[in-house]
Amino acid sequence: MALEWVVLGYAAGAEAIMLLFLTLPGLDGLRRGMVAVVRSALKPLLSLVPFCLFLLMDIYWKYETRPTCDQEHACTPAEHLRHQKSIMKSQRNALLIGAALLLYWLLFSVTNLIVRLNQLNQRVEKLKRQD
């Protein structure tokens, strides 16, 4: 199961780097190329959405099937510690899922805004030349 989280972490990191390059001021030359790269990468990155939903279902299943300690002394300290570690890992993984989905949405939105801005700038230049 750890490989799935590594893949999701790398995908979220790649999204963050692409978003950073798209939004940093002063990188107009790089931004034009990055827009083309990001637009071609958005469709394959869309596979993160069902992947994240699958991982969320996995977290939920682990939560529902976890052993419970009904009485005070039913669990040993080792079992209690293992349960606490499992809860912390699930919370960390849920944050990673949320971050990956949020970064994908931001990347999609920023890319569409930049493309629309470029189209509007081209239209303005065309109107200026006509006048």
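Q: In which helix do Asp-58 and Lys-62 both lie, and how many residues apart are they?
A: Both lie in helix H3, 4 residues apart, about one turn of the helix. A helix here is a DSSP run of H or I, at least four residues long, numbered from the N terminus. An α-helix has 3.6 residues a turn, so residues three or four places apart point the same way. This is a predicted model: local features need pLDDT of at least 70, side-chain atom pairs count only at pLDDT 80 or more, and totals for chains, interfaces and linings use all residues. Residues are numbered from 1 along each chain as its sequence is written, and side-chain values use heavy atoms, leaving out hydrogens and water.

Q: What makes Asp-58 and Lys-62 a salt bridge?
A: A salt bridge needs a side-chain nitrogen of Lys or Arg within 4 Å of a carboxyl oxygen of Asp or Glu. The closest N and O atoms of Asp-58 and Lys-62 are 3.7 Å apart. The pair therefore meets the rule.

Q: Is Asp-58 buried or exposed, and how do you know?
A: Buried means under 20% relative accessible area, exposed over 50%, and partly exposed in between (1.4 Å probe, protein chains only). Asp-58 has 13%, so Asp-58 is buried. Lys-62 has 36%, so Lys-62 counts as partly exposed.

Q: How many salt bridges does this rule give?
A: The count comes to 2. Asp-28 and Arg-31 form one of them, with their closest N and O atoms 2.8 Å apart. Both residues lie in helix H2, 3 residues apart. Asp-28 is partly exposed because its relative accessibility is 45%. Arg-31 has 15%, so Arg-31 is buried.

Q: Why is Val-35 called buried?
A: Its relative accessibility is 9%, so Val-35 falls under the cut-off. Val-35 lies in helix H2, residues 28–45. Contact means heavy atoms within 4.5 Å. Beyond its neighbours within four places in sequence, Val-35 contacts Leu-22, Ile-114 and Val-115.

Q: Is Asn-93 buried or exposed, and why?
A: Asn-93 has 9% relative accessibility, so Asn-93 counts as buried. Asn-93 is in helix H4. Leaving aside neighbours within four places in sequence, Asn-93 is in contact with Trp-5 and Ile-59.

Q: How do you know that the span of H1 agrees with its 22 residues?
A: The expected span is 1.5 Å times one less than the number of residues. For H1 that should be 32 Å, and the end C-alpha atoms are 32 Å apart, so the two agree.

Q: Why do the buried residues of H1 count as lining one face?
A: The buried residues of H1 include Trp-5, Leu-8, Glu-15 and Leu-22. Seen down the axis, the buried residues fall within an arc of 155 degrees, so they line one face. That arc is taken from the directions between the helix axis and the C-beta atoms. The face turned away carries the exposed residues Ala-2, Leu-3 and Tyr-10. H2, H3 and H4 are among what covers the buried residues.

Q: What makes a nonpolar core, and which residues have the most contacts inside the largest one?
A: Such a core is a set of buried Ala, Val, Leu, Ile, Met, Phe, Trp, Tyr and Cys residues joined through side-chain atoms within 4.5 Å. The largest has 25 residues, and those with the most contacts inside are Leu-8, Leu-22, Val-38, Leu-45, Ile-97 and Leu-107. H1, H2, H3 and H4 each supply at least two residues of this core. H4 gives the most, with 8 residues.
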